[in-house]
Amino acid sequence: MGKQKCKRALTVWLSFMLALSAIIVAACSGTGENSAKKKSGQVIRIGYQKNGPLLILKERGNLEKRLKPLGITVKWHEFQSGPALLESLNAGNIDFGRTGDSPPIFAQASGSTLKYVAAGKTKYKGSAILVKKNSPIQSIKDLNGKTIGFAKGSSSHYFIVKALDKYGIAFKDIKPAYLQPGDGRVAFEQGKIDAWVVWDPFTADAEISDDARMLTNGKGYTTDRDFFLATSDFLQKHEDIVQIVLEEVQHSSTWANENRDELSEMLSKALGIDKSAMKLAVERRVYGLDKFTPEIINEQQKIADTLYDLKMIPQKVKIKGSVHHFSKKDEAK
């Protein structure tokens, strides 16, 4: 009789342990499964340009591999410049994107509720004021009265303003030609503009293929830092997806820094740009994310204050309040 009681007790105990194990396994694996169910059919629409880390992420396909098991689809939308990308972001046509430093400020000044989610490395070496090789223009002070092409509201817009100001030239003393990079390249080739302010890989391609001469790069004028942004609505609903995107941006950036020859080949094919030009662009920048520090916020705030003082934006903009702080993990580095 005692043995039977022991067997029953042992059976009950084993049944209890098996049930407990099942609960523990479910608890440990349930987060991913539940997330997949919740996100099934979800889409993230990403805006990218032909010159940044998001293109590398797109070409490598790692984000799709990471999100597919969660039932999340990635849709890519290409833009020539930051202002157009942020206009689409503000309209709710995309959820996430990357631009240079100035476009987010112009967007904020127009009432956009965009959120900064990460900052990229400075890339001023590839930002340039270009002139033709045989141009009589030898320094920035020679730009007085000249026709200068650049994308309105872009990082190049701020760059040219700062460069002119250093030499005491008022913005009204030049003839601005507001041109997207593609149109700017044509105007530059045809001699319709005296100088062109643009960023890599357009800078490198013009240097290699069109005998362009770099009057100056962005050193001392602009850091030309990348900023990654998302809509407030998407962040509120899908902060976890944004974090995954940023993690994959960092992974692809690490790969880019360690595989520059392969990267040059990949981007050359993707963009239809000569490999030697692409290699020049790749070699003079570092890819990756920086944590949002007070220094970076202040750096961006100075740009906003400058644009307001020059009456280029209609109202003051506060950067700090638009920086998103992730609730579940540390902010992307």
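**Exercise 1. The nonpolar cores**

Which residues of the largest nonpolar core touch the most other members?

*Solution.* 
Step 1. The structure under study is a predicted model. Its largest nonpolar core has 41 residues, and I44 and F96 touch the most other members.
Step 2. The greatest contribution to this core comes from helix α9 (residues 232–258), which gives ten residues.
Step 3. Setting aside neighbours within four places in sequence, the contacts of I44 are L67, I72, T73, V74, K75, D95, F96, F234, I241 and V245.
Step 4. There is also a second, separate core of 27 residues; L85, A109, I296 and V317 are among them.

**Exercise 2. The protein as a whole**

State how many helices and strands the protein has, what percentage of its residues count as buried, and what percentage of the contacts between residues at least 6 apart join residues at least 24 apart.

*Solution.* 
Step 1. The protein has twelve helices and eleven strands.
Step 2. The chain has 333 residues, of which 51% count as buried.
Step 3. Consider contacts between residues at least 6 apart in sequence: 79% of these join residues at least 24 apart.

**Exercise 3. Helices α5 and α12**

Classify the packing of helix α5 and helix α12, and describe the residues in the contact.

*Solution.* 
Step 1. Helix α5 covers residues 102–109 and helix α12 covers residues 294–309; their axes come within 10 Å and cross at roughly 55 degrees.
Step 2. Angles of 65 to 115 degrees count as roughly perpendicular and those under 35 degrees as roughly parallel.
Step 3. The crossing of the two helices is right-handed.
Step 4. Helix α5 contributes S102, P104, I105 and F106 to the contact, while helix α12 contributes Q300, I303, A304 and L307.
Step 5. Sorted by class, the contact has six nonpolar, two polar and no charged residues.
Step 6. One of the residues in this contact is Q300, in helix α12. Q300 is buried, because its relative accessible area is 1% and the limit is under 20%.
Step 7. Beyond residues up to four places away in sequence, Q300 touches D101, P104, I105, Y116, F227 and I319.

**Exercise 4. Helices α2 and α10**

Carry out the corresponding analysis for helix α2 and helix α10.

*Solution.* 
Step 1. The axes of α2 (residues 53–60) and α10 (residues 260–271) are 11 Å apart, and the helices pack at an angle of about 90 degrees.
Step 2. This angle makes α2 roughly perpendicular to α10.
Step 3. The contact involves L55, I56, E59 and R60 from α2, together with L263, M266, L267, A270 and L271 from α10.
Step 4. By class, seven of these residues are nonpolar, none is polar and two are charged.

**Exercise 5. Backbone geometry**

Is D224 buried or exposed, and is K311 buried or exposed?

*Solution.* 
Step 1. Most residues other than glycine have a negative phi, and most peptide bonds are trans.
Step 2. D224 has a positive phi, near 50 degrees. D224 lies in the loop between β9 (212–217) and β10 (227–230) and is buried, with a relative accessible area of 2%.
Step 3. K311 is not a glycine either, and its phi is positive at about 60 degrees. K311 lies in the segment after α12 and is exposed, with a relative accessible area of 73%.
Step 4. The peptide bond from D200 to P201 is cis, with omega near 5 degrees. P201 is in the loop between β8 (195–198) and α8 (202–209).

Note on methods. Residues are numbered from 1 along each chain as its sequence is written. This is a predicted model: local features need pLDDT of at least 70, side-chain atom pairs count only at pLDDT 80 or more; totals for chains, interfaces and linings use all residues. Side-chain values use heavy atoms; hydrogens and water are left out. Axes are lines fitted to C-alpha atoms, for helices over the stretch in contact, and angles run from 0 to 180 degrees between N-to-C directions. Helices (H or I, at least four residues) and strands (E, at least two) are DSSP runs, numbered from the N terminus. A crossing is left-handed if the near helix is turned anticlockwise from the far one by less than a right angle, and right-handed if clockwise. Contact means heavy atoms within 4.5 Å. Ala, Val, Leu, Ile, Met, Phe, Trp, Tyr, Cys and Pro count as nonpolar, Asp, Glu, Lys and Arg as charged, and the others, Gly among them, as polar. A nonpolar core is a set of buried Ala, Val, Leu, Ile, Met, Phe, Trp, Tyr and Cys residues joined through side-chain atoms within 4.5 Å. Buried means under 20% relative accessible area, exposed over 50%, partly exposed in between (1.4 Å probe, protein chains only). Angles under 35 degrees count as roughly parallel, over 145 as roughly antiparallel, 65 to 115 as roughly perpendicular and the rest as oblique.
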